[in-house]
Amino acid sequence: MGEDAESPKINHTFLRDYVTEADVISTVEFNQTGDLLRETESKGESEEVGDTGDSGEYNVYSTFQSHEPDFDYLKSLEIEEKINKIRWLPQQNAAHFLLSTNDKTIKLWKVSERDKRPEGYNLKDEEGRLKDISTITSLQVPVLKPTDLMVEVRPRRVFANGHTYHVNSISVNSDGETYLSADDLRINMWHLGITDRSFNIVDIKPANMEDLTEVITAAEFHPHHCHLFVYSSSKGTLRLCDMRASALCDKHTKLFEEPEDPGSRSFFSEIISSVSDVKFSHSGRYLLTRDYLTAKVWDLNMDKGPVETYQVHEYLRSKLCSLYENDCIFDKFECVWNSSDSVIMTGAYNSFFRMFDRETGRGVTLEAWRESSKPRAVLRTRRVYTGGKRRRGDVGVDSLDFTKKILHMAWHPSENIIAIAATNNLYIFQDRVNPETQTQ
Amino acid sequence: MFPKGTKRKFSDSGEEPVSSSDQGQAASSAAAARTLSSSYSLQRQSLLDMSLIKLQLCHMLVEPNLCRSVLIANTVRQIQEEMTQDGTWQIMTQALAAAQCPADRLVATEVLCRQTDAAAQAGQSPKPFSGDVETEVTMSTLSPVSPQLSSASYLAGPFGEQVFGTFEIKHPAPPPDPALEELFSDVDPSYYDLDTVLTGMQSAPKMGPYDLLESLSSHGPTALSSSSSCRSDLNELDHIMEIIVGS
């Protein structure tokens, strides 16, 4: 596919800098309408940013502690409160619901607004203390008075003890009633209303742990078909499963695998083929996967290989040994679609992230870096120097900062607004040229 | 960036070359090239050692990561398979069998070389490094020590169980008997944690590095901050290894 070039369609624009001043951000997610964006941090705190509307700016909406650090007494292990994933539920009433998960437990939260409060109770005074009945001489009807907006977040369900291994994915079903949670070896399906039972739908744990060579890395339900889901593995395969086929979906309906190129095989081939994230397109027709060096688009109707492959940072291929040594090769990058499925985006190192226009095949590199960004500043494209004529501003491969990695990101479901998590900063960008979605 | 004429060998800098120019080459000619290149086999050896060390240190991670362990274990198996095909695996195990003095380790060697279980085939500690390789491997400070680290005796026996057995999250048992608790109240729980961690290394010789690992881990994973990374652990270990080895 084409190398970095400026593409007018995806050259962006406004920067709204929002700093969380907290610990490392571990997940970012827009809700279905894009009004709310939640980012959660490794300390288990979850912060929600709401769209104030006109100006398109996002401000802090609410903050809550989702998970507490836990201690596994049997194994003397600390269970981190770091949140691995969050997913919003489709909105059914005024309140918003979201699921959040740490390594072990999934919680359902209700986010509700309150901007009115009743005043004029008969039996209670202003502070809520019970009045002495003898002092009440007349009855009044309590009235609702507007107050400052209060956002309440309450845990509604706790789905515990469902997983023996670390949960890496959760995905809400299109039926709005069930969701799946995946750990390294198993996938469970839950009903949102039932916390003490779950169905195990995939189990790849071998009878003998010595034989373990493959783990589940991500899973997601199909956006429209409530019986279909996909899960990815550490060997680079994708499995599409149909829950109508059997109760236990160990046998896949379709296996998506790209045949290995024997010429480029190395000891690191398997590691770099491990899929770190899988996302259905909004249309439900395509799958987007991210492995260490590439992002691939697959057609659900074709399991022989991806239909598109985008090189995210091919210049790292010659550095794989060093990246293995410093563990960077195990970094799990996420990937996202835009609302019209015409652009895909994923993160890289040095606070860079990449966008690829599927129609032209061209990619662009952008940077999420506080020092160079002011509100409403235009993002400029960056380039990693890999040979040829060196341009001003090119960054050499050896000067890349591998501690600044963009792992988590989200794209607004209907507009060209993106949220990028860079270590402990959250950036939100908006397309100035096309603030509304382009229709396909 | 692409050394001319190399076929599927590590480049001199110890990094994996992009074989864009060599994709047409048959695997067999690549295999032939490999056996001829001693630098390749040294680099392969260093990769094996690095991987074994990573596997051992998996338990020291703040966030034990099963996926990472599986990938590293698969890399080890892959190297071992290739070395078995080249015949270098046998040479290595025989040399080590000769070098090992204590009888129990000789027994361990024999156990390791059993063909039945692929996992049990995983071998002994690698040969001592030559000086060349040290410069090529970034974790060079560990390399003089690693041959003595019984990283491979770690591989002895149920390889998978040791590596993967500790990744399960066990759900808390019902509240313990207060009388029993009192009985064991003076026992440092982190000690038993260490036991669990080093379960697979029963036959490990008590080396300086392990004493060090012990003292590091006796603070327990609970003391490690949740934001520290494996990298900082390894760097810390590197630094300490440097001190021990006196390099």
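# Close-up views of a predicted two-chain model

**Figure 1. Aromatic pairs in the predicted model.** Over all chains, the count of aromatic pairs comes to 14. Phe159(A) and Tyr179(A) are both buried. A pair of aromatic rings is described by the distance of the centres and the angle of the planes. Elsewhere in chain A, one aromatic cluster is formed by Tyr292(A), Phe333(A), Tyr349(A) and Phe402(A). The structure shown is a predicted model.

**Figure 2. Lysines over tyrosine rings.** Lys124(A) has its charged end over the ring of Tyr121(A), 4.7 Å from the ring's centre.

**Figure 3. An open sheet in chain A.** Four strands of chain A make up an open sheet in the order E20-E21-E22-E23, and their pairing is antiparallel. Strand E20 (277-280) and strand E23 (308-311) are the edge strands, each pairing on one side only. From one strand to the next, the twist averages 15°. Within the sheet, strand E21 (residues 286-290) and strand E22 (residues 294-299) of chain A run antiparallel and are joined by five bridges. Tyr286(A) has Asp299(A) in E22(A) as its bridge partner. Strands of a sheet pair through backbone hydrogen bonds, either parallel or antiparallel.

Figure 4. Strand E30 (residues 408-411) of chain A is covered on both faces. His408(A) and Ala410(A) lie on one side, Met409(A) and Trp411(A) on the other, and all are buried. Four bridges pair E30(A) with strand E31 (residues 417-422) of chain A in the antiparallel sense. A hairpin of five residues joins E30(A) to E31(A). Opposite His408(A) stands Ala421(A) in E31(A).

Figure 5. Ile136(A) is in the loop between strand E10 (106-119) and E11 of chain A. With a relative accessible area of 26%, Ile136(A) counts as partly exposed, because that class lies between the 20% limit for buried and the 50% limit for exposed. Leaving aside residues up to four places away in sequence, Ile136(A) touches Asn122(A), Leu123(A) and Lys131(A). Asn122(A) is 14 residues from Ile136(A) along the chain, and their C-alpha atoms are separated by 7.6 Å.

**Figure 6. Two helices of chain B.** Chain B has twelve helices and zero strands. Of the 247 residues in chain B, 49% are buried. Among the contacts in chain B between residues at least 6 apart in sequence, 70% join residues at least 24 apart. The view shows helix H2 (residues 38-57) and helix H3 (residues 66-86) of chain B, whose axes come within 9 Å and cross at roughly 145°. The crossing of H2(B) with H3(B) is left-handed. Residues of H2(B) that meet H3(B) include Tyr40(B), Leu48(B), Leu52(B) and Lys54(B). In H3(B), the residues met include Ile72(B), Val76(B), Ile79(B) and Met83(B).

Note on methods. Residues numbered from 1 in each chain as written. Chains lettered and ligands numbered in written order. Predicted model: local features only at pLDDT ≥ 70, side-chain atom pairs only at ≥ 80, totals over all residues. Heavy atoms only, no water. Phe/Tyr/Trp six-rings, centres within 6.5 Å; stacked < 30°, edge-to-face > 60°. Buried < 20%, exposed > 50% of the residue type's maximum accessible area, 1.4 Å probe, protein only. Lys NZ or Arg CZ within 6 Å of the ring centre and 35° of its normal. Pairing = 2+ DSSP bridges. Axes fitted to C-alpha atoms, helices over the stretch in contact; angles between N-to-C directions. Left-handed = near helix turned anticlockwise from the far one by under 90°. Contact = heavy atoms within 4.5 Å.
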